[in-house]
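Good morning, and thank you for making time for this item. I shall go through one structure, taking its sheets and helices in turn, and I ask you to keep the display in view as I speak.

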Amino acid sequence: MDKESKEIISIALLIFLPIVIFFVSFLLGRYPISPVDVVKTILSPLFPQLEVSQTITTIVFEIRLPRIIGALVVGASLAMAGAAFQSIFKNPLVSSDLLGVSNGAGFGAALAILISGVNIITQIFAFIFGLISVSLTYFISRTYKAGGILVLVLSGVAISAFFNALISAIKFIADPDDKLPEIVYWLMGSLASITVEKLLMIAIPIIIGAAILLALRWHMNLLAMGDEEAQSLGLNPSRVRLLIIAGCTLLTSAAVSISGIIGWIGLIIPHMARMIVGPDNKILIPASLSLGASFLLLVDNISRAVISIEIPIGILTAIIGVPIFLYLLKRGYSEWS
Amino acid sequence: MVVDKLFDVRNVSFSYDGEEIFSDISFSIDKGDVLCILGPNGTGKTTLIKCLNGLHDIDSGEILINGKNIKKLSFKEISKYVGYIPQSHVPSFPFKVMDVVIMGRAPYLNLGESPKENDKEIALNALKTLGIEHLKDKEYTNLSGGERQLVFLARVLCQQPDILILDEPTSHLDFGNQIKLLEIIDNLASSGLSIIMSSHFPDHAFLSSTKVAILKNKQFIDFGTPNDVVTEENLKRAYSIDVKLIELDDERKVCVPLKTNLKLDL
């Protein structure tokens with residue numbers, strides 16, 4: 001097979017994979033629905049002449065659809081942000097929570113659960129503290145004279161550890177009968193409680209974040225060559241990097257705010273995407289979007305269909321992600337040489 | 001009427017962390033000039049070069065490109081006039097050669113834009129000019145040092161600059177590739193590009209340069225044509241060893257460093 005047709009096949013696969021998994025996902029669940037009913041129901045708002053039952057409509061649109069969309073959006077966001085971070089930090093081993101977004105959001109959620117317990121407030125706090133932690137990381141790194149990439153990454157490590165300590169502090173004082181399990185459960189990640197309202201709340205940050213990353217994806221290649229080269233090619237590296245960090249942070253904070261902390265996607269999906277389409281971010285970013293969406297939806301389907309008790313999705317992504325990661329490592333992935 | 005020089009450096013000084021690297025350096029070059037900057041290790045050649053392309057901000061003096069002060073130009077504007085190849089490159093992701101070369105079109109693209117058909121054509125032409133079209137789908141991280149240098153040269157040609165600034169372009173090349181690269185530089189200069197490069201080899205000055213500067217002790221100790229500047233006396237001053245200049249049959253000169261009879265007490 002020549003190179004071009006191989007490329008076309010990969011791209012076709014990346015376009016159709018999430019679509020196929022999307023439709024299959026509606027079939028899974030306690031109430032059995034036939035594929036024909038799924039297609040009919042989904043098309044019914046467009047074609048009112050189709051006859052569908054009220055029960056099926058409710059299950060499809062109010063129960064399954066929000067969760068499926070949630071899985072697609074969260075998976076795509078974490079994977080795109082991970083791919084962007086790997087490129088602009090010139091490091092294939094970093095992931096979407098490099099600058100402290102996950103622990104920041106986790107702290108926000110834990111704090112909200114402790115003082116209020118209202119779902120929507122937990123989501124807002126998680127989102128805002130995700131933004132706060134990355135901003136802290138960024139501004140701390142700017143106070144150093146040689147404020148290069150390394151300082152930024154190390155500030156991220158520090159801020160992450162700081163918020164992690166705060167999370168532990170909240171767990172320590174939380175009521176072990178109701179608040180503590182809720183916090184722990186949130187931190188393990190779940191897509192079970194996603195509703196249409198929650199999705200609508202994150203729509204704007206997700207759209208802005210994704211638009212920034214998609215628009216700047218070719219320029220990420222230049223940043224991957226190092227700041228001096230990027231500047232000699234006419235780019236203002238720190239300004240463009242800041243924009244990309246802002247995009248990634250909007251995406252991950254919004255994603256984490258509805259799903260809790262879901263690990264490994266932002267690390268392994270960009271790698272899988274790179275193995276399929278190569279390192280050119282012009283294709284890599286959309287490919288990560290597609291693979292991340294497909295992967296998380298697939299894992300969520302496993303979590304709610306294959307196993308009778310629902311396992312928190314953060315645990316499953318790790319259990320499935322770690323072997324994949326080790327397999328990639330064993331393949332002697334050329335980038336890591 | 002005073003005609004603006006293509007590249008005019010006036011009384012430029014630079015210090016790093018309070019330590020002066022060089023001071024009061026002035027020179028200018030015209031279209032088609034090849035300036036070779038010689039000097040011992042650690043004398044600040046790379047720092048000077050990074051001032052010339054705007055990567056470092058100078059402390060005093062001014063650098064004029066086509067009569068425009070570099071401090072008033074954006075990175076993007078500078079990159080349309082000045083192309084730069086650093087001395088060393090830390091390999092990144094295994095990009096295809098074509099993807100690397102087309103990065104040279106960035107000065108002409110806005111944020112949010114990516115290269116178009118006509119940019120691809122320019123990149124392909126640059127590869128053809130340098131005779132490395134066959135490498136276009138290879139991973140640039142897997143190339144030899146010589147091939148990779150040509151890839152970066154192709155990228156810099158895509159910028160369509162007036163001036164090329166090359167930091168020791170031959171330092172990672174073998175014996176044969178060094179000469180080939182200098183001949184390419186010679187050709188580019190004949191086509192109207194101006195070139196500023198640093199080098200560790202005084203010989204290289206005779207091969208392709210129209211002007212030579214020797215940087216030592218924060219100053220140019222000499223500046224002029226290769227025949228005037230690359231002399232046995234100047235080389236001794238620069239490198240603190242005796243050097244013999246030998247003229248070959250085709251009137252080309254070569255520099256031979258003489259042994260210092262160093263004896264280690266082992």
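Let me begin with a definition: two strands pair if DSSP finds at least two bridges between them. Helices (H or I, at least four residues) and strands (E, at least two) are DSSP runs, numbered from the N terminus. Residues are numbered from 1 along each chain as its sequence is written, while chains are lettered from A and ligands numbered from 1 in the order in which they are written. This is a predicted model, in which local features need pLDDT of at least 70, side-chain atom pairs count only at pLDDT 80 or more, and totals for chains, interfaces and linings use all residues.

On confidence, pLDDT is the predictor's confidence in each residue, from 0 to 100. Chain B averages 93 on that scale, and 98% of its residues score at least 70. For the complex, the predictor gives an ipTM of 0.92 and a pTM of 0.92.

I turn to the sheets of chain B. One open sheet has 4 strands in the order β2-β1-β4-β5, paired antiparallel. Its edge strands, each pairing on one side only, are β2 (19–29) and β5 (68–69) of chain B. Strand β1 (residues 7–16) of chain B is joined to β2(B) by 7 bridges, and the two run antiparallel. Within that pair, S15(B) stands opposite E20(B) of β2(B). Helix α1 (residues 45–52) of chain B packs on this sheet and touches β1, β2 and β4 (60–65) of chain B, its direction making about 125° with that of β1(B). Here, contact means that the C-beta atoms of two residues, placed from the backbone, lie within 7 Å. Axes are lines fitted to C-alpha atoms, for helices over the stretch in contact, and angles run from 0 to 180 degrees between N-to-C directions.

On its other pairing, β1(B) meets β4(B) in the antiparallel sense over 5 bridges, with D8(B) opposite L64(B) of β4(B). Next, 2 bridges join β4(B) to β5(B), again antiparallel, and I65(B) stands opposite K68(B) of β5(B). β4(B) and β5(B) form a hairpin with 2 residues between them, and N66(B) in the turn has a positive phi of about 50°.

The other open sheet has 6 strands, in the order β6-β7-β8-β3-β9-β10 of chain B, with mixed pairing. Its edges are β6 (82–85) and β10 (219–224) of chain B, each of which pairs on one side only. Neighbouring strands here are turned by 15° against each other on average, direction ignored. Strand β9 (residues 211–216) of chain B pairs with β10(B) in the antiparallel sense over 5 bridges, and K216(B) stands opposite Q219(B) of β10(B). Helix α9 (residues 232–239) of chain B packs on this sheet, touching β3 (34–38), β9 and β10 of chain B, and its direction makes about 160° with that of β10(B).

How do the helices of chain A pack? Helix α5 (residues 119–142) of chain A and helix α11 (residues 237–259) of chain A pack at about 150°, with their axes 8 Å apart. That makes α5(A) roughly antiparallel to α11(A), where angles under 35 degrees count as roughly parallel, over 145 as roughly antiparallel, 65 to 115 as roughly perpendicular and the rest as oblique.

Helix α3 (residues 54–88) of chain A has two such partners to discuss. With helix α12 (residues 265–277) of chain A, α3(A) packs at about 75°, with the axes 7 Å apart; α3(A) and α12(A) are therefore roughly perpendicular to each other. Among the residues in this contact are G75(A) and L78(A) of α3(A) and P270(A) of α12(A). By class, the contact has 9 nonpolar, 4 polar and no charged residues. In this count Ala, Val, Leu, Ile, Met, Phe, Trp, Tyr, Cys and Pro are nonpolar, Asp, Glu, Lys and Arg are charged, and the others, Gly among them, are polar.

With helix α13 (residues 281–306) of chain A, the axis of α3(A) comes within 7 Å and crosses at roughly 140°, and α3(A) and α13(A) are therefore oblique to each other. The residues of this contact divide into 18 nonpolar, 5 polar and 1 charged.

Finally, the interface: 21 residues of chain B are in contact with 25 residues of chain A. Helix α2 (residues 75–81) of chain B gives the most to the side of chain B that touches chain A, with 3 residues. That side has 12 nonpolar, 6 polar and 3 charged residues.
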